[in-house]
Amino acid sequence: MIPDAWDIELREGAIAVARHLIETGCVRYDPDHLCRHGSGLVSPVHLEGRRLLSYPAVRSEVLDFALRMIEQEIGAGELDAIAAGEGAGVPWAALIADRLELPFVFVRKEAPEGQQEYKHRIEGRVEAGWRVLLVEQIAADGHRKARFAQPLKEAGCDVRDLFVLFQYGIFDEIQEHLAPLGITMHALATWWDVLEVVNRGHYLDGQAQGEIHAFLQDPKRWTAKHQNSRKGEKVA
């Protein structure tokens with residue numbers, strides 16, 4: 001099958017985003033301080049996408065690609081608002097909302113306790129029937145994204161799509177969490193794209209590349225082998 005123009009642009013864009021993540025220091029290989037995920041898995045690589053925001057030229061290029069993807073795969077003209085769950089996706093969602101001149105909505109992790117007149121699970125203007133795009137920075141297995149989409153749906157919003165800068169691309173569970181909600185995910189890049197750029201540019205030595213590849217191929221097996229031998233640094 002011959003790829004069309006968007007397929008080619010999508011591939012080139014994914015590699016460009018992966019390269020930016022590496023060259024701005026967002027990706028860190030540290031087998032002695034494992035990244036611990038909420039699912040219980042551990043990995044030798046860490047990703048901190050917020051660093052991209054500190055580089056204006058890179059930030060603008062990534063944002064341009066994000067808007068292209070939204071237009072091509074979702075249709076910007078079909079959207080009524082942009083939402084972000086509490087966390088690292090907020091600045092990216094706000095930037096996208098600003099570019100598209102759409103309302104921005106913030107979704108808390110949990111509903112505020114007690115009767116708090118000025119605090120709500122969803123902060124911002126939403127109306128029943130609005131088509132809302134949920135924007136996040138990173139998606140692993142998708143359970144957290146489903147938690148943010150649900151209150152929007154309960155408010156009567158039409159949430160069909162989740163846009164993320166980066167998807168792990170290794171967890172089958174993500175479809176189990178998003179499919180029941182009727183949500184399609186769109187991601188600029190994955191760990192596989194990062195690994196391809198690492199291989200091309202020799203950013204890491206062969207041993208490091210081998211460890212990352214082993215984790216991506218079978219994260220559960222890699223975790224079983226390493227989770228008790230090295231200390232973890234954070235929960236992803």
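Both Phe 215 and Trp 222 are buried, where buried means under 20% relative accessible area, exposed means over 50%, and partly exposed covers what falls in between (1.4 Å probe, protein chains only). The model here is a predicted one, so local features need pLDDT of at least 70 and side-chain atom pairs count only at pLDDT 80 or more, while totals for chains, interfaces and linings use all residues. Residues are numbered from 1 along each chain as its sequence is written, and side-chain values use heavy atoms, with hydrogens and water left out.

Next come the aromatic rings. A pair of aromatic rings is described by the distance of the centres and the angle of the planes. Rings of Phe, Tyr and Trp (its six-membered ring) pair if their centres lie within 6.5 Å; planes under 30 degrees apart count as stacked, over 60 as edge-to-face and the rest as tilted. Go by this rule and the count comes to 5 aromatic pairs. One of them is Phe 166 with Tyr 168: the ring centres are 6.2 Å apart and the planes sit at 75 degrees, so this pair is edge-to-face. Phe 215 and Trp 222 make an edge-to-face pair too, at 6.0 Å centre to centre and with 85 degrees between the planes. Phe 166 and Tyr 168 are both buried, and ring pairs tie these two together with Trp 191 in a cluster. A ring can also have a charge over it, which is counted if NZ of Lys or CZ of Arg is within 6 Å of the ring centre and within 35 degrees of the ring normal. That is the case for Arg 147, whose charged end sits over the ring of Phe 148, 5.7 Å from its centre.

Now for the sheet. Helices (H or I, at least four residues) and strands (E, at least two) are DSSP runs, numbered from the N terminus, and two strands pair if DSSP finds at least two bridges between them. Six strands form an open sheet in the order E7-E6-E5-E8-E9-E10, with mixed pairing. Its edge strands are E7 and E10, each of which pairs on one side only.

Strand E5 (residues 81-85) is mostly covered, with 5 of its 5 residues buried. Ala 81, Ala 83 and Gly 85 point one way from E5, Ile 82 and Ala 84 point the other way, and all are buried. E5 runs parallel to E8 over 4 bridges, and Ala 83 stands opposite Leu 134 in E8. E5 and E6 are also parallel, joined by 4 bridges, with Val 105 in E6 as the bridge partner of Ala 83.

Strand E9 (residues 161-167) has 7 of its 7 residues buried, so the rest of the structure largely encloses it. Parallel to E9 runs strand E8 (residues 132-139), and 5 bridges join the two; here Ile 138 stands opposite Phe 166 in E9. Strand E10 (residues 184-190) is parallel to E9 as well, with 6 bridges between them, and His 186 in E10 is the bridge partner of Phe 163.

Arg 108 is found in the loop between strand E6 (104-107) and strand E7 (122-123). Contact means heavy atoms within 4.5 Å. Leaving aside neighbours within four places in sequence, Arg 108 has contacts that include Glu 86, Lys 119 and Phe 148. Ala 139 lies in strand E8 and counts as buried because its relative accessibility is 0%.

Two loop residues have a positive phi without being glycine. Glu 101, in the loop between H3 and E6, has a phi near 55 degrees and counts as exposed at 73% relative accessibility. His 202, in the loop between helix H6 (191-201) and helix H7 (206-217), has a positive phi of about 55 degrees and counts as exposed at 65% relative accessibility.

How far can the model be trusted? The predictor's confidence in each residue is its pLDDT, from 0 to 100. The chain has a mean pLDDT of 89, and 92% of its residues reach 70 or more. Confidence is highest in helix H3 (residues 90-100), at a mean of 98, and lowest in strand E11 (residues 231-235), at 51. Where pLDDT is low, the predicted coordinates should not be read in detail.
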